[in-house]
Amino acid sequence: MQITLKDGSVKEYSEVKTVYEIAKDISSGLARVACAGEIDGQVVDLRTQIEKDCTLNILTANDPQGLQVIRHTASHVMAEAVKRLFPEAKVAIGPAIEQGFYYDFDAAPFSREDLDRIEAEMKKIIKEGHEITRFTLPKEEAIHFMQEKDEPYKVELIQDLPKDAEISFYDQGGFVDLCAGPHLMSTKGIKAFKLISSSMAYWRGDEHKAQLQRIYATAFNKKEDLAAYLEHLEDIKKRDHNKLGREMELFTTVDVIGQGLPLFTPKGTKMILKLQRWIEDLEDNEWGYVRTRTPLMAKSDLYKISGHWDHYKDGMFVLGDEENDKEVFALRPMTCPFQYYVYKNSQKSYRDLPYRMGETSTLYRAEDSGEMHGLTRVRQFTISEGHLVIRPDQAEEELKGCLRLANYVLDTLGLQEDVTYRLSKWDANNREKYLGDEHYWESTQDALRQILIEEKLPFVEADGEAAFYGPKIDIQAKNVYGKEDTMITIQLDCAIAENFDMYYIDENGEKIRPYIIHRTSLGCYERTLAWLIEKYAGKFPTWLCPEQARILPISDKYTDYANKVAKECKKNGIDVTVDSRSEKIGFKIRAARLDKLPYMLVVGQQEEADGTVSVRSRFAGEEGVKPLGEFIDQICKEIRTKEIRKEAVSEDEKKKQA
């Protein structure tokens, strides 16, 4: 048989060979660092036997798939360590993930001291250097095997497999785990790892099933790579909006109010209002939207017409019981059916379209408690919602307009480089979930795909992510921990106008069903604020800051002048405060830096005499003494243009970068 290698060279063998044996034949050095193989594009175990012609790539830790094998093997070592230290623990699942690996256990919660003990035990196992071997069993034998080991979660996994499935196990010196692999040849291949944290997780992600304890960890091939990653984690902790947003007093949560119901302080409220006013003015004055204001709840009748009652009821807060109450209401999870009746309030002709409706909409969704996190997933949130009622011939132009508006918003906020684009499609194997037939879905999906192509935006496609009434362009972003969320969405709906008897009068006097575009220009304000906190580590662009400048009098004698400066700044729309505390100026400057303020204005005898301010900023450090009017012009221009100034680099940062 002929084996074509990555460099195009060909190896010939007359007998069956494993991937590992071929790696060793190429070079003993390659065999030592090999983690897995890739046969005709499929990642396989080093123990895999090759019996026919194929292409073969030997994967090492330098390959993402190879590093994943190291991490997967480390998860098994972690499971063995837990079983040694906590024999009553039951093992569940332990996959490799993007940033490392985890393993779920049915056990008591793990403390940091427990994690340190597990880490130490893992080092012992790795030092023992057990060879890792693979074997398979028929389904019934595999079930019996795991029943004897009293591992009920493994038994359940096996029971869910097809009757004729090849059920594989890996043995590392006596510890045996159910696994499809691939794995390293020996535990000695794990060079650098760290247990990061522990948290609760539901079995199979179902809140109605057992609560397990999940240990998150990571592994690398080199200690230097691990050290760099741990340093990165420290930076992530500093940027985590759930921590930093509270420290900066932007928002808080209270148990007696409820999970997923954040309270915004004056600072956080000011930031959201700045975003909201900007978006409303942008949509209404530059993009031709009309503004609506609709109720926060409605009778179930409305949601039955729209289809949400059948397709989305479990995600709604329902007020009342259909069996016992004359009228049942629900808090709105979306605004579209309300705005349809705004459209229907007066008859529209083809000349009135597109009819673009915008609303700053507060919505309610019954999120599972395990899904909520900070501001990124909450039960009450506000979005820059809009619905465009259009003629079919306007679809392409209006969809492009929605996409360009969203990208303009992202660019202004400095977030454009952080997003990816996804075409969210229906699942043809789950047709009862969706309105319309196959032709409807293929044609609407093609229309959105063509828009993305023409706008030259790279995108991925995802089945099963569409709304029940139409496909979407979803603009995605990841938080500091790597979890992806939808930030902005644009949906094409050619079906639901029928449900509401929506129409316009065409040039021939005929009633025609319009298309509808559901879209956001900014998305959810709460989630966007979380994104901004993490993006800028709290050092926001000046226009967004709740406090744009702080005036620091050198002593109490200059407080009157400081207040005079503040009054002039406020007249020009600048958010300023005066630090009139009886503290030394050095203390006040340090406090302003800790609060991540864009500008500090130091004032004393000379500034008062000359009508000036001594300017310090995050961007240039000492900017020097300036006439007050000159500073006001400077900051007002920065606010008006929404300029994003680069931060000054400290000496420590310069050394680190070098």
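**Aromatic pairs and a helix crossing**

A search of the whole structure finds 22 aromatic pairs. The model is a predicted one. A pair of aromatic rings is described by the distance of the centres and the angle of the planes.

Start with tyrosine 340 and phenylalanine 500. Their ring centres lie 4.9 Å apart and their planes meet at 70°, so the pair is edge-to-face. This pair links distant parts of the chain, 160 residues apart. Tyrosine 340 sits in helix H12 (residues 336–344). Phenylalanine 500 sits in the loop between strand E27 (484–493) and strand E28 (504–505). Tyrosine 340 has 0% relative accessibility and so counts as buried. Phenylalanine 500, at 3%, counts as buried too.

Helix H12 also holds tyrosine 343. Tyrosine 343 pairs edge-to-face with tyrosine 355, at 5.9 Å centre to centre and 65° between the planes. Tyrosine 355 belongs to strand E22 (residues 355–364), and the two tyrosines are twelve residues apart. Tyrosine 343 has 1% relative accessibility, so it counts as buried.

Elsewhere, Phe86, Tyr103, Phe105 and Phe110 form one aromatic cluster.

Now turn to two helices. Two packed helices are described by the angle between their axes and the distance between the axes. The axes of H13 (residues 395–413) and H14 (residues 438–454) come within 10 Å and cross at roughly 55°. That angle makes H13 oblique to H14. The crossing is right-handed. H13 brings Glu396, Leu399, Lys400 and Leu403 to the contact. H14 brings Leu448, Ile451, Leu452 and Glu454. By class, the contact has five nonpolar residues, three charged and no polar ones.

Definitions and conventions:
Residues numbered from 1 in each chain as written. Predicted model: local features only at pLDDT ≥ 70, side-chain atom pairs only at ≥ 80, totals over all residues. Heavy atoms only, no water. Axes fitted to C-alpha atoms, helices over the stretch in contact; angles between N-to-C directions. Helix = DSSP H or I, 4+ residues; strand = E, 2+ residues; numbered from the N terminus. Parallel < 35°, antiparallel > 145°, perpendicular 65-115°, else oblique. Left-handed = near helix turned anticlockwise from the far one by under 90°. Contact = heavy atoms within 4.5 Å. Nonpolar A, V, L, I, M, F, W, Y, C, P; charged D, E, K, R; others polar. Phe/Tyr/Trp six-rings, centres within 6.5 Å; stacked < 30°, edge-to-face > 60°. Buried < 20%, exposed > 50% of the residue type's maximum accessible area, 1.4 Å probe, protein only.
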